[in-house]
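Q: Can you walk me through one bit of this fold? I'd like to know what packs against what.

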Amino acid sequence: MNTSRFIGIDVGSTTVKCVVVDPDEMKIIWSRYERHETRQAEKLLELLTDIHQTYPDLKTNKVKAYITGSGAGPLIDVVGAGFVQEVNAVALAVESLHPDVNSIIELGGQDAKIILFKENKDSGERQIITSMNDKCASGTGATIDKCVLKVGINRDKLTTLDFDAKKIHHVAAKCGVFAETDIVNLIKSGIPASEVLCSLADAIVMQNLSVLTRGNTLTEKVLLLGGPNTYLPFLQQCWQQRIPETWRERGYQAAEGVNPEDLIIVPDNAEYYAAFGSVVFGSAELSADKTYKGVDSLAEFIKNGRKSELNAGADQGLHKEIAELDAFKENYKTPLFKPRQYPAGSVIKAYIGLDGGSTSSKAVLIDEQGELICKQYQLSKGNPIEDTKELLAALKNYALEQNCQLQVLGFGATGYAADVLEKSTRCDVNVVETVAHMMSAKISCGDDVDVICDIGGQDIKVLFLQHGQIKNFRLSNQCSAGNGMLLQSMADQFGVKVEEFSAVAFSAELSPKFSYGCAVFLDTDRVNFQKEGFSKEELFAGLARVLPKNVWQYVVQIPRMSELGRKFVLQGGTQYNLAAVKAQVDYIKERVPDAEVIVHPHCGEAGAMGAAVEARRVVEQRGYSTFIGIDETINLKVSSRTDEETRCNFCENNCSRTFIDTESPDGEISRYIAGFSCEKGTVESKEAVVTLNQKRKQLKAEFPNLVDYEANRVFRRLPADKVSNDKKCKQDVMSMSLMKTMLAVIGGTKHKAQKEQIRLMRKKVRVGIPRVLNHYTNAPFMRAYLEGLGLLSNNIVFSDQTSEEMWLEGGKYGSIDPCYPAKVSLAHVHHLLYKKHKRKALDVIWFPCITKIQSFTSEMVASTSCPVVAGTPKVVNAAFTKEKNFFKENDIAYYDRALDFTDRKLLEKQLSETWGDILQLDKDENIMACENAWLAMETVDLDLQRRGLEVLTQAEKNNTVVLLMLGRPYHNDPGLNHEILEEFQSLGYPVISIRSIPKDSGYLSRFFKDDIEKGLIKDAFDIADVWPENYSVNSVQKVWAAKFAARHPNVAVLDLSSFKCGHDAPSYGIIDQIISSSKTPYMAMHDIDANKPGGSIKIRVKTYAYTLERYQELLNERLKQTNELEKRVKKKRIELLQQHIKNFDDVLMSEDSNKWIKIDEQYQRYLQESADKRDLIQKKVVDINARDEVEVEFKRKDFNIEKENNQSALLGQQLAGSQTDNSVEVKKGANANEK
Amino acid sequence: MKSNNVFKIDFDVVENKIRAYEKEQAELLNIEPGQTNHWVDKNPTDFRRHQRENTTILFGGLTLMQDVFIQAASNGLGYKFIALDCPDNAAMQVGKEFGNRGQCNPTYFTVGNLVKYLIELRDKQGLSTREIIDNYIFTTAGACGPCRFGLYVTEYRKALRDAGFEGFRVVLFDSDGDLNQGGPEMGLDYNVSFFRGMFKAIILGDVINLMAYRMRPYEENKGDVNRALEKCRQLIVAKLLSNKNVIPALHESKKILDAVPLNRLQVKPKVSVIGEFWAMTTEGDGNYKLQAFLEQEGAEVDIQPVTNWTLYIIWAVMYDARQQLKLKNKWTTRLRLYKKLLLLRFARTIMLMWFNRYAKAIGLNDYHLADMDELAKDSHEFYDNELRGGEGHMEVGKLIQSVKYSKSHLVLSVKPFGCMPSSGVSDGVQALVTGKFPEAHFLAIETSGDGAVNVYSRIQMALFKAREKAQKDMDQVLSTESVERVAEYITTQKLPASWYPKHRCALTAANTVYAMRDQGLVSSH
């Protein structure tokens, strides 16, 4: 053989592996693998040099090299190696080494791959099915690494940790950043490290099983490959537990009597499989043949080659000239802070502020005037109480070192850890981070701050202020989180101290262009750029430059920055990094040239300062502090446990909770409960749950939540008198043509027995309908239609509302990853199949493709439903019939025929085609059932609108705020809206839905009349003035509702959209424009997904609640001012009228002492029609002056009421032009009465 | 009943005084005026005939060839059309800066491409914003709902507004509409001549592209095909600019292409590129230059002509009309529907006629446009024909037909990240299709403008199997010896580009040998 050796190279995202293979025996004779620490080329050179040293007789022309792995790209030609795609390489290696393996799961640093070997039943061939995670789920190995760092567990302990399925907490493994956010929350709630890691492992495994398998079953034997699978026993155990569960669920028979550990295996030397596989592949594939170039070529490439290949489109560095940089550094150097010194023996009276952030914890002391005394900072060590104890001990030491005594006047906490501290230390305030940052910025930078931008480790918070209050805010969602942490972890990866980041970044002359967005994508970009040869200096500069894009373009989404104001304050620990600051300042000044960009003097501790300031305010107001004391806190004993006893059994979720008990030195124990997913988890006894439920009921009655009401109402059956509508049906029969009636009668006689049979048959038919998607709109129709055909209402069965449990059980069959409302439909159908059907057999599952939906809005281009929503029934069908037909297996028919709800005739035809066979329908009864169904829809709509009207009227009467949920109908599902609305309901805000807004033109006229008059819209339901391309019904309705909210002073908005919602995306900008023009309070959650980001929701709810409180104050203030104005105007009116009347005073006084004012009805109408006078008339009618009542009758000549009704503005002009006729007659009261 | 004591007061004087007082007091009390100026989308579209001379009409979005032909055809009608360059990553970055979050990447690419062009006009060519707004318009097809594509215009307006070009006109023609849109005074006559020009340009682009993708993988000298295509392009553009018959130019082009030496005996796996319309049509960064990458990796690309899309739109409207005819509608409605069907049938016939004529003239032999009725029938079981948006049932139908007729070794479905009809529905359904047709080799990839390395890696993964399948096709044909004989024959006979073997299997090389066998040049195994 010509070839003396094969070299197989695998350049992964974290490691380089090399093997030397003997071509005759195809055996590995040499192998080595190393972490490359992002120096792939250098590490490969080291390994190849080692090979050449080990085999000094190796001749380059006798070597064939093959390369694989995600980092192989730039090295292929340099080394002269044939490229083999890594999945193919792994598959070949496994086929060669483990012919009995049917499934492979490989978790890499950035990728997860699943390879399945399946036999084609027709051809008998062994086919390979491969799948890799899509870009949104990448970063598995890297995520585990980062989380391990966060948890703070040492490597040795990690390899001995066992998987415990009983102590699992919720972690979203859909993407690395989501998982990190949840992990931070768990750590901050005091959950032990082992439980956090097991939860992470479980989440990753379940995510891969539900998405990456693309609905395929992983049949034995299953091979686990890749770094995490190889080195983490708890992850292996998790696979070994979860995969057999899917076998049981899907009826797959695994080999009997064999332990799962023997069916799901981790082979030795698995790390070399890809490298070996590339040789196996390459040795047989001519096209991958290349001339091996040895180590010299690689060395040359490292020395000179990379630079020249850099992308010519790279950006410049962070500065153009040195002078510019020097000036910047001078302007923005961090002010030196020296803790205040006290004479020995002093008593330092101070307030403590503590910010338990995601990556670090900070504490400050401020004096009674709010001035900073000292500050402490430490990286989080995992447990928030332990962090707090250490920080407080440091503060105490600060005093002791000066021989002083620290007297704590109050304690305020903010950040992720605030909740647990509230319980354990009874702190004076638990203030939401956004508010803490606002207070701190105002104290340090003045009341005239316009914008505050805080970049922490995990979150970005941008606050817009007006008159020193939060006017609006934007928070990073899960998809834009983790930016600060990324800079830090990047510095770590390159072995640079985070404080030196900026110095390194400033030395770069160019920077690669990162695509902004999610931190996982940024990290992927980083890996790619590194492969291209960018240096760490350039990468650092590039990352700094992308940060402002992430803040302003991705999180804030307001391109016209100058509208935000001109005084910008930058806060958060990331601002210590001057490279990040420079990028921010340049970005802002480019767009707002006269901007004043200030870095908070204590940017890292800004949150803690805000908490201290708020504690000072509250304690001063209250007169005392509730804080248990600094020594007591330092000496707190903490214990936590998660076991069967702590599990919450008050609902089906059975959340695994953690009880964190803190015992103060005086023996008092306080308990903080973490890990629950609903309110019931906050209590421990049944009695407490009862009390909780009672409170809840009371709250519901007081502050209705019509979103919740609607979510239930649409699926309930209507009272018989409302739907059956027998009378109408009879009328319909009467109205049939004579011929038809006769035929019906004849047919009726002929087939009477048969009809009776059909009737009885229909009574038995049971239909399951998933409670999903547009069924939240059309369920009343569907139910009433079937009931109208004689199906028993008990036999029309809807799946339950979405729950996490349902999703985990039934969501694993899908092959795609669309928005959550669509993919959860699988779980609902699964629920019907395996819960409802098992309880009592169903005959049909009805999940129609609803292509078009009816809408109350007008002038629409089209009335389509979202294509994903419309097509999901087909996807569900595919998922449940792909490997085997689960419907058939359960003896259920699945009906998904398309329906068009905008064309009644077509709908009748489509329904008849759906149900014609099984229910033996005749045409007329189909038509009647449809009419019944439309009536049911109308009834539900009216009921909802009536309730909406009540809520709105009440709010207007009481001058209070109502929250309107802008969402698609299925966001009514509490499992989809994460019960955010209930949070607001519990804060005392009634909630209405789009459907419950009264659609009466008369009612709406006061809001839309002006626009109609201006010719902007044709009627109140037209949105062409803001969105001419109005195809999508649900988005159009959202936009319409936003217009309504903008015009109703008592309505605030909560805007919900699902992650990947393509139909809502174009409406974001429109709704933003509508809402910001009217200054309506607004909060958006645009990336709702399967996981409930508890921490993120909490900050949002608290911040928005704060905004709503300020808005309520504004409404109160407005009312107060309006009342005052009214009073003044009333007084003035009397004065003016009296001035006129005074001339006739003698007459009036003499003839009738009992005088009062009455306004002629006709004139009243005129005034009412004239908007600017309407208020005046109301005021006048109420009460002029009890002492001075005079009846005045106004009589207008040439008064044309009709004309005025049509055009009050024109009338005003007419009136102005006919002053002489505008006289009124003042008559004596007695005469007026006679008249 | 009139009182004796009737006195007159001028009420308006009182009211005016009170109003003034109220205003003054409201200001003192810091009360904001009650009337809010609610936001209105100005949606400027007014383009008049008299402005035509000074107005440059921007457009773009199809293949490079089609954009050039549309530009030429429109300019031949007296307009000043300029095709924007193929959108690149820089355009996408601009689109992301000024667009809504959560859009799909065709939106970012195409919207960003327009804004980027205008920014360059302003910043590099020194035109004032006013001049740009007054003298330029953008035109595109509208009414493509219900996927995001139909909502693009909203995005154009938002991005233009936010980038400082508020008032810039985006003028739409309705792709589902009739052939006479707009009024007599409109700057752009959306009339029969206009649409005839557009459709001809699209079809010309299709036939040239189809020829190019058939030839390029087999060229003997790298670059020959592209050089020849450039010559053809110039010939056709000249005819379109002068509004003359293009057939002679196509005959001329045929000669040019026939002169390019090809070797169709190379075993190149055939990859059908299907998926979302824009992602599979664009030839730039929007799909990571997918077609070029596939050719570079040694594949023959089976592209989807834009004409198919037009035929699908016609099919959809006809389908709906037929459904309506099955209902009990008034006779006037029925009459209207029959008329509509007749017109659509006529339009379809004309399109097919043009396509076949052009294809014949340039030498595109043995190419058949998809039969829309058959496609619908094949896919209906899996993907309800009444589901619309994006490519509708076509993706599923194309995969089925790829297996049914052994059209390709790999079906690559390319779509933007989070594409609603394609990633959100079709791919889910394809899982069942591939289950039913295990011989189908299918890969779905999402594009987002970044992460090209991962996408390439996935394609390479799938190409491995495609190559195996291609080799198997070849192995099944004839002995190596026979192949060598065919090669020798082809070299001596210099088979032209317009010679194309009849379809037997997916592999062109195998088909070539089959064709030779049919001619008696070689014998069977």
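A: This is a predicted model. In chain B, Met372(B), Glu374(B), Leu375(B), Asp378(B) and Ser379(B) of helix 14 touch Met394(B), Val396(B), Gly397(B), Lys398(B), Ile400(B), Gln401(B) and Lys404(B) of helix 15.

Q: How many of the residues in that contact of helix 14 with helix 15 of chain B are nonpolar, polar and charged?

A: The contact of helix 14 of chain B with helix 15 of chain B has 5 nonpolar, 3 polar and 4 charged residues.

Q: Are helix 14 and helix 15 of chain B roughly parallel or roughly perpendicular?

A: Their axes cross at roughly 95° and come within 8 Å. Angles of 65 to 115 degrees count as roughly perpendicular, so helix 14 and helix 15 of chain B are roughly perpendicular to each other.

Q: And what about helix 15 and helix 16 of chain B, at what angle do they pack?

A: About 30°, with the axes 9 Å apart. Helix 15 and helix 16 of chain B are therefore roughly parallel, and the crossing is right-handed.

Q: Which residues of helix 15 of chain B meet helix 16 of chain B?

A: Glu395(B), Val396(B), Leu399(B) and Ile400(B) do; their partners in helix 16 of chain B include Val429(B) and Val433(B).

Q: How many residues of helix 15 of chain B are buried?

A: 10 of its 11 residues. Among them are Glu395(B) and Lys398(B).

Methods. Residues are numbered from 1 along each chain as its sequence is written. Chains are lettered from A and ligands numbered from 1 in the order in which they are written. This is a predicted model: local features need pLDDT of at least 70, side-chain atom pairs count only at pLDDT 80 or more; totals for chains, interfaces and linings use all residues. Side-chain values use heavy atoms; hydrogens and water are left out. Axes are lines fitted to C-alpha atoms, for helices over the stretch in contact, and angles run from 0 to 180 degrees between N-to-C directions. Helices (H or I, at least four residues) and strands (E, at least two) are DSSP runs, numbered from the N terminus. Angles under 35 degrees count as roughly parallel, over 145 as roughly antiparallel, 65 to 115 as roughly perpendicular and the rest as oblique. A crossing is left-handed if the near helix is turned anticlockwise from the far one by less than a right angle, and right-handed if clockwise. Contact means heavy atoms within 4.5 Å. Buried means under 20% relative accessible area, exposed over 50%, partly exposed in between (1.4 Å probe, protein chains only). Ala, Val, Leu, Ile, Met, Phe, Trp, Tyr, Cys and Pro count as nonpolar, Asp, Glu, Lys and Arg as charged, and the others, Gly among them, as polar.
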